[in-house]
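Subject: A structure for you to look at

Hi,

Here is the structure I promised to pass on. Open it up first, and then read my notes below alongside it.

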Amino acid sequence: MTRLTRWLAMAAVALALVVAAAGMTERVTQAQAQARITSPEQFFGFQMGADRKLVRWDKAVEYYKLLEKESGGKLKVVDMGPTEMGNPFLLVVITSPANQARLEELRQMNLTLSDPRGVPESEIRRIVAEGKVVICQTMSMHASEVGGINMAPELTYDLVARTDDEARRILDNVIFLEIPSFNPDGAIMIHDYYVKYLGTEYEGGPLPWLYNKYIGHDNNRDALTMNMKDSRYVGKLMFVDWKPQAYVDHHHMGSYGARIFVPPYAEPIRPLADPQVWREMQWYGGHIAYKEEEAGLSGVSNTSQYSGWGHFGFHWITPFHNIAGMLTESASVRIATPLYIDPSQLSGGARGLETYKEQMNFPNPWPGGWWTLRGVVERQKVSAWATLDLAARNRETVLWNAYLKASRQTERGAKGKPAAYAMSASQHDPLTLNKLVNALLAQGIEVLRSPKGFAAQDGMTYPPGSFYVQLAQPKMGLIRYLLGETHYMDNEHTRRQDGTPIRPYDMGQDVLAEYMGIRVDPLNEALTGDFVMVAAPVVPVGRVATKAPFGYVLDGRLNDSFRAVNLLWDKSVAVRRVNTAADGLRPGDWIVPAGSDAVVADVARLTGVDFNPLKAAMTKGAYDARRLRIGMYRRYRGGNMDEGWTRWLFEQWGFPFSEVYDAEILKGNLNAKYDVFIFADDSTSAITGEPGGGRGEGRGGAAFASVPNTTPPEYRSGIGSEGVNAIRDFVQKGGMLVTLGGATDFAITRLGLPVRNVVAGLDSKEFFCPGSTLRVRIDNTHPLAYGMPAEGLVLFHYSPAFDVVATDFNHRNDIVVRYADRNVERSGWLNGEKFIAGKTAMASVGLGQGRVVLIGFRTQNRAQTHGTYKFLFNALVSQPVSPSR
Ligand SMILES: [Zn+2]
């Protein structure tokens, strides 16, 4: 060995030692890092999904904030704001520290891919090379479906604590936007109710009321208009700020079929999305199912149960945002209490999963036995991880396809017909037009406005301030569904072999413009003009006439006039209402006295309603309108979503009301406190308390005397025959009872009204109409229809339609709204038009000194059908003394 070689050898040894030491240091550092990250089990004191254990939201918030400190920069907690009940709504951003450091730059790159109009291909290729996949997943939106909120801490911990290649690849290549609870208010309710009854015979029973302040399970239908704060946070995150490539929403389903449903969906799919979005769902779903089997988890099914044409909830509207919008559905346990299932009780019987045996989309049936929340957590966690894993392994492909989806949808929009939609500033209720525009903006849709007005090829002209939406933009498909006539498909995917229609998952259409009563004109050719982009929500400020010696007029056609009048009434301003057309005034217009200028200016600013001058003193043709005392029926049995929506609506529009439970009705003498009493859409049995009605109660075999009722006695509601008598007494003494949707049956059958539901009992092969907008004729001289156009659209959702039966007292009954005589369907799916053509849609029926209002259609559905709000609002203010007939 020469000196040189000896020296080289020594150097090599020294180098090896240094390398070894460095490696040791690295290992030690990693070990220390892992040691410093608190596991969910350490923090909460139990394994996630352990029997009879639930994470409470406030503790979960603490845990994510702790992980933020411990994660070494891999995790950021964003408090998006308060929920409807004031709890924090969190976004947890998980990605590598390097990505976190340039998050805003990466977000901008992602936005370019999702709307690449005008961007050179070289720039697209740079972003594909350097960008990161963005994935959003949301947990336990339906709070009783507790898997997600209990799985998320473990998923999050794994992402920040694991140091293997798979975990590192995810953090390097994916920006994971995690919503660890999509319903914090409900999560707290479910936790506390469950814990309260642990160890009693009511353990694991359903929550007796809605699991959030207003809308319960319907929160998944709120992506269309995002009325709730929680929805707005996630909508803004996904539709405007980030536009992820994929989205997964984690839910639960029934207990006796597959253990977990994973993507893709079953038939039918809703057309007009980029086809690649459905292929992506197969791709992600295939990888998820593959990883579930790899982990030895049985009972995984896909291409079943959940059809690709659903409601426009978050996971079903996202495909039209060019996001692979997916869901998982796990078999429920009794909240966190295990459920024993005998193998003979397992069954298929679902769309795409007819039998419970091995098949292509269900190769490994779960054998039965004890089913636990841990079983849910494990399967959900694998599905969530696999989604991230697939994206991480295929980063460039996913990003390139994001570009393709957006650019191809834009091309389709440019070539297709219609090419654009025009929305005239001249509408029956122009303030509601602004709300439609704002709803489009919230979806991230580009809306243009014309300051000077424009003309279309067919000779139509549009005044200054009119709006224009071109379809040559990435969200083309969504625009078509929100603004354009839509017909549900009628084919082999939507009917059984004998022709029986298969119920759509939700509505037969989602045409927001039709819900809102806004006229939207399809244009076959795109226009060029001096349009300007609407960059922010339109918030109009009402004008107040400077000279109004006789007082002001508010346009009765504006929904917002009701809000204005409520604000005026709050300030004790006396308001009159026009009931005879004269002198440019219409029935339903409001008259505000002169001399209330300070109040008026505020109200105009808040509502956008113009205070126009009254031309002359009014001596006749108007009456002193006053606020009615409103009683709103509330029940248990899981609560009533339609009632919750109605409460929310009343609060937004400034109608004060009282919530009335059974006990108050049973006391009777309701006239002393109320002028009008409201039953939201409901079944008769849910109102009266007879068996069989209402969500929640009855699950678990309450029909069998030997099976315990899982609802505590104090929450078993129903007004019974005594309550029916109290309601009848209220009406006979001059009260007004307003019944919505299915609750009309309660009024008709229990109060013995001379009214017949003409579609009751019809076979669905004869008559079938899920969530469709139907044409109606309206008697807008009737006080309940003041401010309405003579013809309009209403939302029919398995609704009743009426015949008012001839009696000697026909004069006491008014038909306010009738279905059109022909061509009844505007959008949706109406089979059997002849059964409802010309029939009554809304009536007012006399009973004693009072009256019962029957609104069969969905007048305020999900606070989306602005076009028919006035039918309800008119019933909440005093009526003129009706002219004798
Ligand atoms: Zn759900």
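**Ring pairs**

Phe655 and Phe873 are both buried, where buried means under 20% relative accessible area, exposed means over 50%, and partly exposed is in between (1.4 Å probe, protein chains only). Before you go on, a word on the ground rules: this is a predicted model, where local features need pLDDT of at least 70 and side-chain atom pairs count only at pLDDT 80 or more, while totals for chains, interfaces and linings use all residues. Residues are numbered from 1 along each chain as its sequence is written, and side-chain values use heavy atoms, with hydrogens and water left out.

How many aromatic pairs are there? The count comes to 58, if you pair rings of Phe, Tyr and Trp (its six-membered ring) whose centres lie within 6.5 Å; planes under 30 degrees apart are called stacked, over 60 edge-to-face, and the rest tilted. Take Tyr633 and Phe679: their ring centres are 4.9 Å apart and their planes are at 45 degrees, so this pair is tilted. Tyr633 belongs to strand β23 (residues 630–633) and Phe679 to strand β25 (residues 676–679), so the pair ties together parts that are 46 residues apart in sequence. (Helices, H or I with at least four residues, and strands, E with at least two, are DSSP runs numbered from the N terminus.) Tyr633 counts as buried because its relative accessibility is 4%, and Phe679 is buried too, at 1%.

Back to Phe655 and Phe873, which also form a tilted aromatic pair, 5.0 Å centre to centre with 45 degrees between the planes. Phe655 sits in the loop between α20 (641–653) and β24 (658–660), and Phe873 in helix α25 (residues 869–873), so this pair links parts of the chain that are 218 residues apart. Both rings belong to a cluster linked by ring pairs, made up of Phe562, Trp569, Trp590, Phe650, Trp653, Phe655, Phe657, Tyr869 and Phe873.

**Two arginines**

Which rings does the charged end of Arg270 sit over? One is Phe312, with the charged end 3.9 Å from the ring centre, and another is Tyr481, at 4.6 Å. The test for this is NZ of Lys or CZ of Arg within 6 Å of the ring centre and within 35 degrees of the ring normal.

Arg862 is in the loop between β34 (850–855) and α25. Is Arg862 buried or exposed? At 9% relative accessibility, Arg862 counts as buried. Its side chain makes a polar contact of 2.9 Å with the side chain of Asp506 (a pair of N or O atoms within 3.5 Å; within protein, one must be able to donate a hydrogen and the other to accept it, and residues adjacent in sequence count only if both atoms are side-chain atoms).

**Strand β34**

Now have a look at β34, where five of the six residues are buried. Strand β26 (residues 736–740) pairs with β34 in the parallel sense over five bridges, and Val738 stands opposite Val853 there. Strand β33 (residues 840–847) pairs with β34 in the antiparallel sense over six bridges, with Gly846 opposite Arg851. Pairing here takes at least two bridges found by DSSP between two strands. β33 and β34 form a hairpin with two residues between them, and Gly848 in the turn has a positive phi of about 60 degrees.

Cheers
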